[in-house]
Amino acid sequence: MKKIAKFEKVSFEQFKKDFSDAFPQYSENNIRSIYDSINLPKRATKGSAGYDFFAPIDFTLKPQETIKIPTGIRVKIATGWVLALYPRSGLGFKYRLQLNNTVGIIDSDYYMSDNEGHMFVKLTNDSNENKDVSLKAGQGMIQGIFFEFGIVEDDEVSAERNGGFGSTTK
């Protein structure tokens, strides 16, 4: 196995800014406690391809409800690799829990973007069976898998990233 990446927490200041934007009802003390309890993604078994990302707070989604969650996590990835984010298989199968962008793509140059490379997930309970999805803080909510990728022979891209969603098409 190639070791090509390292997960880290974003700074508390970045997390506080992003978390307050998503959840304005939380106090700074609550946000500090949430930040301190964030666990870095990890594999469940030695044969797992996916790194589980854990919910930073308790939440429940009724059918068709959506939540945007700042994970508090960034990842330093070697050039030529990408991190793809998916719902955890069991949550997708049992509840149709979906990522709003279907698959989240984290490029290696996102690491030190203007938001420190802070990864967010936007989840929707797409249940057509009228099932609520409830997760407790610390439970796995999504999984990330690293993939190596190639480029075409005549690729001459020289632009640099500074931003998150949609920044590469600006």
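1. Basis of the model. This is a predicted model: local features need pLDDT of at least 70, side-chain atom pairs count only at pLDDT 80 or more, and totals for chains, interfaces and linings use all residues. Residues are numbered from 1 along each chain as its sequence is written, and side-chain values use heavy atoms, with hydrogens and water left out.

2. Elements. The protein chain has 3 helices and 11 strands. Helices (H or I, at least four residues) and strands (E, at least two) are DSSP runs, numbered from the N terminus. In sequence order the pattern reads β-α-α-β-β-β-β-β-α-β-β-β-β-β. The radius of gyration is 16 Å, close to the 15 Å that the globule rule gives for 170 residues, so the chain is as compact as a globular protein of that length. That radius is taken over C-alpha atoms, and the globule rule is 2.2 Å times the number of residues to the power 0.38.

3. Extent and surface. The C-alpha trace spans about 50 × 35 × 35 Å along its principal axes. The protein chain exposes about 10200 Å², and carbon and sulfur atoms supply 48% of that area. Accessible areas come from the Shrake-Rupley method with a 1.4 Å probe; for residues, only the protein chains shown count as cover. Of the 170 residues, 42% count as buried. Buried means under 20% relative accessible area, exposed over 50%, partly exposed in between (1.4 Å probe, protein chains only). Contact means heavy atoms within 4.5 Å. Among contacts between residues at least 6 apart in sequence, 77% join residues at least 24 apart.

4. The four-stranded sheet. Here 4 strands form an open sheet in the order β2-β11-β6-β8, with antiparallel pairing. Strands β2 (51–54) and β8 (104–107) stand at the edges with a single partner strand each, so one side of each is left without a neighbour in the sheet. Neighbouring strands are turned by 30° against each other on average, direction ignored. Angles run from 0 to 180 degrees between N-to-C directions; axes are lines fitted to C-alpha atoms, for helices over the stretch in contact. Two strands pair if DSSP finds at least two bridges between them. Strand β2 and β11 (residues 140–148) are joined by 4 bridges.

5. The three-stranded sheet. This open sheet has the order β4-β9-β7, again with antiparallel pairing. Both β4 and β7 are edge strands with a single partner strand, so one side of each is left without a neighbour in the sheet. The twist averages 30° from one strand to the next. Helix α1 (residues 12–22) packs on the sheet and touches β4 and β9; the direction of α1 makes about 165° with that of β4.

6. Strand β9. In β9, 5 of the 6 residues are buried, so this strand is largely enclosed by the rest of the structure. Strands β4 and β9 are joined by 5 bridges. Among the bridge partners, I67 goes with L123 and T66 with T124. On the β7 side, 3 bridges link β7 (residues 97–99) to β9. There, L99 stands opposite L123.

7. N125. This residue lies in β9 (residues 120–125). Is N125 buried or exposed? N125 is buried, at a relative accessible area of 0%. A polar atom of the N125 side chain lies 2.9 Å from the backbone nitrogen of S127. Beyond its neighbours within four places in sequence, N125 is in contact with residues including Q64, Y95, R96, K131 and D132.

8. Positive phi values. Q64 sits in the loop between β3 and β4 (66–70). Its phi is near 75°, a positive value in a residue other than glycine. N130 is in the loop between β9 and β10 (133–135). Phi of N130 is about 60°, also positive, and N130 is not a glycine. N130 counts as exposed, at 66% relative accessibility.

9. A55. This residue lies in the loop between β2 and β3 (59–61). A55 counts as buried, at 4% relative accessibility. Leaving aside its neighbours within four places in sequence, A55 is in contact with K136, A137, G138, Q139 and M141. A55 and D114 are 59 residues apart in sequence and 24 Å apart in space, C-alpha to C-alpha.

Note on methods
Polar contact = N/O pair within 3.5 Å; in protein donor to acceptor, adjacent residues only side chain to side chain.
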